[in-house]
Amino acid sequence: MLTQRARQLRKNQTLQEEILWKHLRNRRFHDAKFRRQMPIGRFIVDFASVEHKLIIELDGSHHANQKEYDEIRTAFLEAEGYRVIRFWNNQIMKEINGVLQVIEDALKS
């Protein structure tokens with residue numbers, strides 16, 4: 001069921017996910033392999049690099065109202081050994097170079 005939901009999310013990605021995916025797909029970004037809409041435990045993460053144990057989450061305005069859920073989710077993912085970085089959708093639209101720099105720094109650390 002979770003796998004089906006992940007497939008559905010990949011088919012119906014947001015504009016912001018599409019923009020970031022263009023930079024991350026096919027090892028285009030520092031030769032790091034990223035997957036999109038990847039199930040981890042009971043959650044589906046936006047982008048993940050398993051080899052770097054890095055998760056990238058894009059948050060829309062609805063995340064402002066679900067802070068506690070996001071904290072629980074992040075705690076679970078960190079307990080699984082992942083580092084989670086989050087960006088607001090407007091950062092993808094207005095500051096993509098800055099977003100990519102943060103991701104690059106995360107891959108290097």
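Trainee: Is lysine 108 buried or exposed?
Mentor: Lysine 108 counts as exposed, at 62% relative accessibility. Buried means under 20% relative accessible area, exposed means over 50%, and partly exposed is in between, with a 1.4 Å probe and protein chains only.

Trainee: What kind of model is this?
Mentor: This is a predicted model, where local features need pLDDT of at least 70 and side-chain atom pairs count only at pLDDT 80 or more, while totals for chains, interfaces and linings use all residues. Residues are numbered from 1 along each chain as its sequence is written, and side-chain values use heavy atoms, with hydrogens and water left out.

Trainee: Back to lysine 108. Where is it found?
Mentor: Lysine 108 is in helix α5, residues 96-108.

Trainee: What share of the residues of the chain count as buried?
Mentor: Of the 109 residues, 40% count as buried. The chain exposes about 6700 Å², and carbon and sulfur atoms supply 47% of that area. Accessible areas come from the Shrake-Rupley method with a 1.4 Å probe, and for residues only the protein chains shown count as cover.

Trainee: What about contacts between residues 24 or more positions apart?
Mentor: Those account for 58% of the contacts in the chain with a separation of 6 or more. Contact means heavy atoms within 4.5 Å.

Trainee: New topic, aromatics. How many aromatic pairs does a search of the whole structure find?
Mentor: The search finds three aromatic pairs. In one of them, the rings of tryptophan 21 and phenylalanine 47 have centres 5.9 Å apart and planes at 20°, so the pair is stacked. Rings of Phe, Tyr and Trp (its six-membered ring) pair if their centres lie within 6.5 Å; planes under 30 degrees apart count as stacked, over 60 as edge-to-face and the rest as tilted.

Trainee: Which parts does the pair of tryptophan 21 and phenylalanine 47 tie together?
Mentor: Tryptophan 21 lies in helix α2 (residues 15-24) and phenylalanine 47 in strand β2 (residues 43-49), so the pair ties together parts 26 residues apart in sequence. Tryptophan 21 counts as buried at 13% relative accessibility, and phenylalanine 47 is buried with a relative accessible area of 1%.

Trainee: What about the rings of phenylalanine 43 and phenylalanine 76?
Mentor: Their centres are 5.4 Å apart and their planes are at 55°, so the pair is tilted. Phenylalanine 43 lies in strand β2 and phenylalanine 76 in helix α3 (residues 67-79), so this pair ties together parts 33 residues apart in sequence. Phenylalanine 43 counts as buried at 2% relative accessibility, whereas phenylalanine 76 counts as partly exposed at 26%. Ring pairs link Phe43, Tyr69 and Phe76 into a cluster.

Trainee: Now arginine 73. Which residues does it touch?
Mentor: Not counting residues up to four places away in sequence, arginine 73 touches Phe43, Ile44, Val45, Glu57 and Arg86. Arginine 73 is in helix α3 and is buried, with a relative accessible area of 7%.

Trainee: And where is the place of arginine 35?
Mentor: Arginine 35 is in strand β1. It is partly exposed, with a relative accessible area of 42%. Leaving aside neighbours within four places in sequence, arginine 35 is in contact with Trp21, Asp46, Phe47, Ala48 and Val50.

Trainee: Last one. What is phi of glutamine 37?
Mentor: Phi of glutamine 37 is near 50°, a positive value in a residue other than glycine. Glutamine 37 lies in strand β1, residues 35-40, and is buried with a relative accessible area of 5%.

Key. Helix = DSSP H or I, 4+ residues; strand = E, 2+ residues; numbered from the N terminus.
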